[in-house]
Amino acid sequence: MDQSPGFSELPKPSPGSWLVSCTLAWGVFGVCSFSAKMAANTLPGTSVAVWWVVGYVPITFGIAWVLGFPRDLRSRAASIPCIAGVVAQLAALFFYWALARGKASVVVPLTALYPVVTLGLALLILRERLSLRQSIGVGLAFIAIFLFSL
């Protein structure tokens, strides 16, 4: 649990609030991908990645300023999100390079299948299990990858 000042003052989420957040993320990611394609049409992928950070950092610090900066900076667990941030920026760079070279209608759906990698890691490392329905979903995702590659 985050012990950052400000975070403890947030209201408890309601049971369906994850769906609202998920829907907002879906919409915002859609606009983000479209904007990235427009930028990648005129700028090299590395430039798009640098300008993305220029927009990303102020939002991050603004949120931290409003909700409070984390106090657990010496925690070993704090290194995990730092590593995730580095990996996310690398993923964004590859995404922008792909957008600069490919059609958004193919690149965006293919890269949106990254949860299959997350799922594989969760199965291997966290020993999570899939239901039959979830397994069918993964199979359909692989079919989607094949169809997009044609």
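Is Ser33 buried or exposed, and at what relative accessibility? Ser33 counts as buried, at 14% relative accessibility. Buried means under 20% relative accessible area, exposed over 50%, and partly exposed in between (1.4 Å probe, protein chains only).

## Basis of the model

This is a predicted model: local features need pLDDT of at least 70, side-chain atom pairs count only at pLDDT 80 or more, and totals for chains, interfaces and linings use all residues. Residues are numbered from 1 along each chain as its sequence is written, and side-chain values use heavy atoms, with hydrogens and water left out.

## Overall fold

The protein chain has six helices and zero strands. Its elements run α-α-α-α-α-α from the N terminus on. Helices (H or I, at least four residues) and strands (E, at least two) are DSSP runs, numbered from the N terminus.

Buried residues make up 15% of the 150 residues in the protein chain. Among contacts with a separation of 6 or more, 72% link residues 24 or more positions apart. Contact means heavy atoms within 4.5 Å. The protein chain exposes about 11800 Å², and carbon and sulfur atoms supply 74% of that. Accessible areas come from the Shrake-Rupley method with a 1.4 Å probe; for residues, only the protein chains shown count as cover.

## Core and its surroundings

The largest nonpolar core has ten residues: Ala36, Ala40, Val48, Ala49, Ala92, Leu93, Phe95, Tyr96, Leu99 and Val107. H3 gives the most, with five residues. A nonpolar core is a set of buried Ala, Val, Leu, Ile, Met, Phe, Trp, Tyr and Cys residues joined through side-chain atoms within 4.5 Å.

Beyond its neighbours within four places in sequence, Tyr96 is in contact with Ala36, Ala40, Gly45, Val48, Ala49 and Trp52. Ser33 lies in helix H1.

## Cysteines

A search of the whole structure finds zero disulfides (pairs of cysteine sulfur atoms within 2.5 Å). Cys32 is partly exposed, with a relative accessible area of 29%. Cys82 is exposed, at 54%.

## Helix H2 position

Val53 sits in helix H2 (residues 45-67). Val53 is partly exposed, with a relative accessible area of 30%.
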